[in-house]
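Please look at the structure shown here together with the briefing that follows, which is arranged by topic.

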Amino acid sequence: PFALAVAILLSVAVGLALGSDRAAALRRVLVAIGRGALVIAGLAAVLLAGTAIPAAVAGAYPLVASMELSFVAAGVAVALRTTAARNPVAWAALAAGFGVATLTQLVPEQGSGLLGAALRFELPKTLHYWVPVVVAILAAAGLAAVAQHERLPALLRGVALTAFVGAAALPIRAAPIDAFHLGEHRFSETLSIAMRWVQRGFWQGYPDTRQVVDAPRQAILDAVRTEIAAGRIGPDTPILHVAGSFQQWVATPLGVFAGVTETDVTPDAEVSIHTVGGRLHGMNDLGQLLATGQFPFVLFEPSDRLPAGLEATIVAAGYTGVFSNGQGALYRFGP
């Protein structure tokens with residue numbers, strides 16, 4: 001975030017300067033800086049070639065595989081020298097995207113901690129959200145250039161565009177893809193997957209594939225909302241949640257559906273890039289958390305993954321039951 005803020009301020013300053021009488025001088029300075037950066041990058045590439053080249057291949061392949069047809073059309077845009085293919089913003093974006101894909105693969109797997117794990121996993125994943133947009137713009141320019149190319153016979157142009165649309169629409173790959181395929185989808189595959197979600201519901205593996213939560217969990221959420229309506233639970237009220245797992249397809253997702261701040265105690269507590277934050281504890285911490293008295297409410301969901309006698313432990317810590325069904329029990333601190 002700090003780097004982003006600095007970049008935005010510099011971009012505003014550069015934009016203002018380019019609009020002034022000193023734009024030509026600033027442009028020369030920026031070109032000189034850019035050339036120096038290219039020289040430094042070239043030297044770094046030579047020094048790191050032994051590790052950078054495999055990293056570049058490993059990082060670039062998932063991106064390329066997610067937009068193969070678009071890359072073909074983008075290549076046509078470059079070959080036909082379209083205006084979009086000469087746009088420095090598009091090339092800067094592609095360079096940044098594939099640069100991140102390469103550099104994140106250079107982060108060591110061992111010894112880099114949660115930050116290193118996040119860099120290796122989360123940053124490459126985010127590239128799939130925006131790099132295809134830039135490639136799609138270039139691809140559109142390539143297709144438009146083919147359609148408008150006067151030196152090509154109309155029949156040849158029609159065949160080329162029809163072939164592209166056919167390849168983009170038909171499931172011509174050798175093997176079918178799964179519903180969560182991260183690579184490129186044909187139009188028919190996208191439609192087929194979407195229609196299957198319509199038939200089965202998207203939330204596979206959850207208690208309810210369409211509502212996420214089933215009726216017993218909905219009753220628990222209603223009980224929590226009753227406490228919210230009565231003013232006994234607010235946005236800052238901490239709630240202790242004891243369940244067989246912190247996963248939202250097992251534990252009732254209080255934070256998502258009721259907007260409360262919950263601290264989970266589960267036997268599968270882990271410290272990872274997906275759970276960092278300090279509100280996930282193992283079962284050994286339950287006694288200490290109850291003894292602090294800082295949690296006005298406790299939600300307990302029985303499970304064969306949990307040790308016996310936890311309800312008695314909660315009551316002994318001074319909590320009184322306010323709601324109970326077969327899925328769980330909600331306790332409030334005090335009589």
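H241 stands opposite D264 in β2, where strands, like helices, are DSSP runs numbered from the N terminus (E, at least two residues, for strands; H or I, at least four, for helices). The model is a predicted one, in which local features need pLDDT of at least 70 and side-chain atom pairs count only at pLDDT 80 or more, while totals for chains, interfaces and linings use all residues. Residues are numbered from 1 along each chain as its sequence is written, and side-chain values use heavy atoms, with hydrogens and water left out.

**Sheet**

- Six strands make up an open sheet of mixed pairing, in the order β3-β2-β1-β4-β6-β5, two strands being paired if DSSP finds at least two bridges between them.
- The edges are formed by β3 (280-281) and β5 (319-324), each of which pairs on one side only.
- Strands of a sheet pair through backbone hydrogen bonds, either parallel or antiparallel.
- β1 runs parallel to β2, to which five bridges join it, and β1 also pairs with β4 in the parallel sense, over four bridges.

- β1 is largely enclosed by the rest of the structure, because four of its five residues are buried, that is, under 20% relative accessible area, with exposed meaning over 50% and partly exposed in between (1.4 Å probe, protein chains only).
- T263 lies in strand β2 (residues 261-265) and counts as buried because its relative accessibility is 7%.
- Apart from neighbours within four places in sequence, T263 is in contact (heavy atoms within 4.5 Å) with I239, L240, H241, R279, H281 and F295.

- Leaving aside neighbours within four places in sequence, V298 is in contact with L240, V242, L290, I314, Y319, A329, L330 and Y331.

**Helix α1**

- V12 is found in helix α1 (residues 2-18) and, at 48% relative accessibility, counts as partly exposed.
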